[in-house]
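Colleague: I would like to learn how to read a structure one feature at a time. Could we take a single model and go through it slowly?

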Amino acid sequence: MEEKVILLEGVDPVVLYGVGNVNLEKIGARFPKLRIVARGSTIKVRGEASEIARFDQKFSQLTAYVEKYGHVSPRVIEQIYDGGMPVEDIPADSDVIVYGNNGLVVRARTVNQQKLVRLAAKNDLMFAVGPAGSGKTYTAIALAVKALKNREVKRIILTRPAVEAGEKLGFLPGDMKDKLDPYLQPLYDALNDMIPAAKLAKYMEEGVVQIAPLAYMRGRTLDNAFVILDEAQNTTLSQIKMFLTRMGRTARFIVTGDVTQIDLPHRDDSGLIPAIEMLRGIEGIGVVQFDNRDIIRHRLVKYIVEAFARNGEKDTDDNNPK
């Protein structure tokens, strides 16, 4: 009898094992001669060497699938263990952007979200403009996470302007990161939905995922990265030019914003719409205009946005569609 210890890295054990270890039981049923014990991120397998080797081969394929897609289903287990299908040949659901944490499935749920997904596959620079709650930023971040998981890029860089930095940040406690984090929290929230916490912390420590205010982009060349500028309505024309000219040869950019939420001292200072108009029609640049039909929060949010728009008031909310 031999024993092999398998340590899970980059995979959420809860996702892999399934609720009540249902996935682990399905796997174990295919290896009746082995004793399989799972505790946290450690799996111990006891039995004959040939059976352990067969288990290890299939289990490695399964963990590779979970690491790539962030989920596993009974159908996938059957395809790997019974059909012998390689991981790269197992299709993901066509309308799923990314599989998130705790069984979350992120899909493009509206016409314009689907349009953003479709055009982002064809254009290296996208503009997504529309009202609060329409999922612009959330969908863009899902596309970035998908690109990272598929190894299409090596980094995700998320940025937004801290437009109140000159007036209010000095009164907040803590160092510069502590002062800026409240402005970047919506980006953290979306990432926490889509990447396991331990893995996200490791990514951020290693610089694979970077979240920074727009001012930190100056002087950089952003290459082999998926870069998102959020709240772009709060950038001036010179700032948005600075950002766009950071684009490296293999980078993909998405710029999101809502022109009803301009927080600059003078609304006319916003450079988002002028930039879109100047760049519209250039090959490789796409534009998606979201509207109230894309709002997928509480049913009342759509009516609230419409009511404020009728009265000429700006919205004060973010872009997370949940």
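Modeller: Gladly, and please keep in mind throughout that this is a predicted model. Let us begin with Arg-252, which has a relative accessibility of 17% and therefore counts as buried, since the cut-off for that word is under 20%. Arg-252 belongs to strand β10, which covers residues 252-257.

Colleague: Which residues does Arg-252 touch, leaving out those up to four places away in sequence?

Modeller: Arg-252 touches Ala-120, Asp-124, Ala-147, Glu-152, Ala-225, Phe-226 and Val-227. Take Asp-124 as an example of how the chain folds back: Arg-252 and Asp-124 are 128 residues apart in sequence, yet their C-alpha atoms are 4.7 Å apart in space. With Glu-152 there is also a polar contact of 2.9 Å, which joins the two side chains.

Colleague: Where does Ser-134 lie, and is Ser-134 buried or exposed?

Modeller: Ser-134 sits in the loop between β6 (125-129) and α6 (136-149), and with a relative accessible area of 0% this residue is buried. A polar atom of the Ser-134 side chain lies 2.7 Å from the backbone oxygen of Pro-131. Apart from residues up to four places away in sequence, Ser-134 touches Gln-113, Phe-290, Asp-291, Asp-294 and Ile-295.

Colleague: How should I read aromatic rings, and how many aromatic pairs does a search of the whole structure find?

Modeller: One looks at the distance between ring centres and then at the angle between planes, where under 30 degrees counts as stacked and over 60 as edge-to-face. The search finds 4 aromatic pairs. In one of them, Phe-31 and Tyr-81, the ring centres are 6.1 Å apart and the planes stand at 80°, so this pair is edge-to-face. The pair links distant parts of the chain, with Phe-31 in the loop between α2 (22-29) and β2 (35-39) and Tyr-81 in helix α4 (residues 74-81), 50 residues apart. Phe-31 and Tyr-81 are both buried.

Colleague: Why is the pair of Phe-55 and Phe-59 called stacked?

Modeller: Their planes are at 15°, with ring centres 5.2 Å apart, so the pair is stacked. Phe-55 and Phe-59 are 4 residues apart in helix α3 (residues 49-69), and are thus separated by about one helical turn. Phe-55 is buried at 0% relative accessible area, and Phe-59 counts as buried at 1%. Together with Phe-31 and Tyr-81, these two residues form one aromatic cluster.

Colleague: What about the nonpolar cores?

Modeller: In soluble globular proteins, nonpolar side chains tend to be buried together. Here the largest nonpolar core has 38 residues, and those touching the most other members are Ile-141, Val-145, Leu-158, Leu-191, Met-194, Phe-226 and Ile-228. Helix α6 gives the largest share of this core, 9 residues. A second, separate core of 26 residues includes Phe-31, Tyr-65, Ile-80 and Val-96.

Definitions and conventions:
Residues numbered from 1 in each chain as written. Predicted model: local features only at pLDDT ≥ 70, side-chain atom pairs only at ≥ 80, totals over all residues. Heavy atoms only, no water. Phe/Tyr/Trp six-rings, centres within 6.5 Å; stacked < 30°, edge-to-face > 60°. Helix = DSSP H or I, 4+ residues; strand = E, 2+ residues; numbered from the N terminus. Buried < 20%, exposed > 50% of the residue type's maximum accessible area, 1.4 Å probe, protein only. Contact = heavy atoms within 4.5 Å. Polar contact = N/O pair within 3.5 Å; in protein donor to acceptor, adjacent residues only side chain to side chain. Core = buried A, V, L, I, M, F, W, Y, C linked by side-chain atoms within 4.5 Å.
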